[in-house]
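Biologist: Please take a close look at the strand pairing in this model, and then at the contacts between charged side chains. I would like the cut-offs stated along the way.

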Amino acid sequence: MTIDMSQFHGAFFEESFEGLQIMETELLALDVGEVDSEIINTIFRAAHSIKGGAGTFGFMNVSEYTHVMETLLDEMRDGSRPVTQEAVNALLSSTDVLKGMLEAARDEVDFDEEGAVKQRAILETILLGENAVSEQQTAESKEQTTDEVGAGWLIQFTPFTDMMLTGNDPVRLLRALDELGEMDVKIDLSALPPFSEIIPEELYVSWGITLQGGMTKAEVLDVFDWVDDACELHVEPLPQHDKSDSVTPSEPVNVKLASPGKTKSAKAAEKSKTPVKKSASSEATSIRVGIDKVDEIINLVGELVITQSMLDQAGEDLEEQAEAQGKNKNTKILLRLRDGLAQLERNTRELQEGVMRIRMLPISFVFSRMPGLVHDLSGQLNKKITLVVTGEETELDKTVMENIGDPMVHLVRNALDHGIETPDIRTAAGKPETGTITLNAFHQGGNIIIQITDDGAGINKERVLAKAIEKGVISESDNLSDSDINNLIFAPGFSTAEVVSDVSGRGVGMDVVRTSIHKLGGRVEVSSEEGKGSVFTIRLPLTLAILDGQLVTVGKESYVIPLISIVESIQIDRANINVVAGKAEVYKLRNHYIPVIRSRQVFGLPGDKKDLHGALMVVVEVGNGHAGIIVDDLQGQQQVVIKSLETNYRKVETMSGATILGNGTVALIWDVAGMVNYHQKKLKQGTSTIKLSADDADNEVA
Amino acid sequence: MSAQIELGSENNNELNEHEDQYLTFVLGEEEYGVDILRVQEIRGWDTVTSIPNAPAYIKGVINLRGTIVSIVDLRERFGMDSVEYNDLTVVVVLRVKGDEKERIMGIVVDAVSEVYNFSDSGIKDAPDMGYAINMDYMKGMATIEEKMIIILNIDELMSLKDLDVVTQAVQK
């Protein structure tokens, strides 16, 4: 039976990366010098799964490497090796190595083995090194259990008939055994039923295997590790002529591998009992489902919501009709209809919320990347830093989560690098030697707010201002509030490394952070006090699947403007309109000038009024400025389900997507930044662009 | 609905002649065919939501049971005179293979006509004699009952590759 294993690769990699994540988190939680067998067990299990999977899929470098880690962990677990900082660090670096290997395997590129070999050497040195716990004792126990080396082994391998149903192929096991040494296999066909009674998925044969060579019993048992509950296994040393002292008397070590844990030394089994139970119960409470299946359900529920609102409308129409005809609108059938519709509405709403929640994951998935980062970086930078994490159970959409990771890493790195000072500077400034970075997440009115707070030096406003003027981001005459100045660091062309501190930064500028957050329909702000620290606040929609929108009319069509980008909507007063260079219009909104964008012009529609007096203008936030977009009419606000335009069409510069309205028609959703860009591009053909006013962020009405 | 087909002289694999089915539709005086396996459904014309700054032949998008599907007017795509849509006007919803993914798109045609069987050898290379449409969009031509049918290469036709050129021109 040959199966194309590559179809399972995706799941393997996904699980392995999760496993690595667990290992990293738990390693960081490990207290040096104290054996918390629960934690070590968790790490061990994660490593063990990766090893098993990698072996099955033929990623030998991964499984071999993990094996070394596992040996070290195993010794830590049974207490024969102390938990030292050195070992923990080595294991932490090893997770990075493994990650590299797995990524290389996933992307089918060559992996640079050099680092791995080096790291593996470190692990092996630790393994060989002095044991604080009585060496003799462990040596003894090892001798008796699994580490003995014999001239060979006699293996009686009797799989249960249903072993193949568990996905295990005995031939694979035999092949793996063959790699250990010289193998002689005898098959026992006595249990084979007559041909007519054979069930092809069942296994009726057993094997007697003579394995010769210098392998340990543990190595032999390892091969059968994955079938330990699906077979009967006897392993005994090969009768031999010359072995002298340490060999166990040839009483057979009879291991019936019926229950997990017994392959390991009894001691380890004892210790792992409780965690095993725990993991079993947590496995039962979650299932792995492809995201496309979930999205399909979300789409269907979106449809259901539309159908429901159509039915609701029809019900109301019916009542009105009855009333208009002078009939009793409380007839039995109408009452029943009303009740049914009300219930349908309630159930649909609950269903929609429930389905959306399937995609929601706690933000701890992102936060858990940070301790490792802080640990690594604070070492590199010689800074002392405590990371405080709160609100990690706050949930947000998986897609948002996947895309917020990198900007978050950048902001945390930035806080570490440029925010927190070195211990001596901190002491000189009268602050505690150890800096604190706080990650916090919470829900606020349909959004999730993530805050990254540091108690470092804060943003040096003079330098930011000087740099901004030098780079031409603002002009000297601009009168900016403190908050404006702080938020200048997000402007394109700013290198935080040069501006905020002299420590060399790495990676991209803050404008990339802002751009990626904008892409998610969110925004980021910074507030800072010099000498006291900075707070970066990221505001994100809970999900990318639905959006609160303002419906507007332009021409014959309805459009949706994301509510998160709207500051306010006003009626234009002629007196506040100015025309620059005969072409571009600006509007004086309180004390700022904002560019006016005529949506009809952007969309190439005729019938634009020359005089804008009385027209409706939606003031939107774009980047760190504002702009006013003229629309024909404002309709209501409504929550819409976002659909991609790109799936069956292509990217439209001025639109971020589409949605289906209650009447079944399609409405396009504006990409406000795209509209402004498009407008500026049009203007550029002739006159220079008008810069967006760097408006006061305090004016925002979210 | 099987058809008598002239065997192509340049193609010699008559032995295992495999026939594919083609749905044909009418545009003006001409009849066009598309591989029927690519046809998802046929529906009547309904109002669309227009896409700003799109070329004229992109009529807009519709809601096809929850999916946003773009609609192309084939007459305008081919540079033919456009006509008023009437009761016969239909939208043929097609599955179009792109570089990396399959897209669902609709084409507006005057009316659907027939389903015919053609073998590969029955479809001959079209002579380049200045048709309204670009030769790249044609898979070939087939003849049936004295009628000439232009078999379309819908993947090429609907690739939207020239859209970038078109939109740039609009911007200038």
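Modeller: One open sheet of chain A has five strands in the order β20-β12-β13-β22-β21, and its pairing is mixed. Its edge strands, each pairing on one side only, are β20 (633-641) and β21 (655-660) of chain A. From one strand to the next the twist averages 35°. Here helices (H or I, at least four residues) and strands (E, at least two) are DSSP runs numbered from the N terminus, and two strands pair if DSSP finds at least two bridges between them. Angles run from 0 to 180 degrees between N-to-C directions, with axes as lines fitted to C-alpha atoms, for helices over the stretch in contact.

The model is predicted: local features need pLDDT of at least 70 and side-chain atom pairs count only at pLDDT 80 or more, while totals for chains, interfaces and linings use all residues. Residues are numbered from 1 along each chain as its sequence is written, chains are lettered from A and ligands numbered from 1 in the order in which they are written, and side-chain values use heavy atoms, with hydrogens and water left out.

A:V560 stands opposite A:I669 of β22(A).

A second open sheet has four strands in the order β2-β3-β1-β4 of chain A, with antiparallel pairing. β2 and β4 (231-237) of chain A are its edge strands, each pairing on one side only. Neighbouring strands are turned by 15° against each other on average, direction ignored. Strand β1 (residues 152-159) of chain A runs antiparallel to β3(A) and is joined to that strand by six bridges; A:W153 stands opposite A:L211 in β3(A). Helix α7 (residues 170-180) of chain A packs on this sheet and touches β1, β2 and β3 of chain A (contact: heavy atoms within 4.5 Å). The direction of helix α7 makes about 15° with that of β3(A).

The loop between β2 (182-188) and β3 (206-212) of chain A holds A:F195. This residue is exposed, with a relative accessible area of 74%; buried means under 20%, exposed over 50%, and partly exposed in between (1.4 Å probe, protein chains only).

Turning to charged pairs, the count comes to 32 salt bridges over all chains, each being a side-chain nitrogen of Lys or Arg within 4 Å of a carboxyl oxygen of Asp or Glu. One of them joins the side chains of A:R359 and A:D295 at 2.5 Å, N to O. A:R359 lies in the loop between α11 (332-358) and β5 (360-362) of chain A and A:D295 in helix α10 (residues 291-324) of chain A, so this pair ties together parts that are 64 residues apart in sequence. A:R359 is buried, at 7% relative accessible area, whereas A:D295 is partly exposed, at 28%.

In chain B, the side chains of B:D155 and B:R38 meet in a salt bridge of 2.8 Å, N to O. Because B:D155 belongs to helix α2 (residues 154-157) of chain B and B:R38 to the loop between β2 (30-35) and β3 (39-44) of chain B, the pair ties together parts that are 117 residues apart in sequence. B:R38 is buried, with 14% relative accessible area. B:R43 and B:E41 also form a salt bridge through their side chains, at 3.9 Å, N to O; B:R43 is partly exposed at 24% and B:E41 is buried at 17%.
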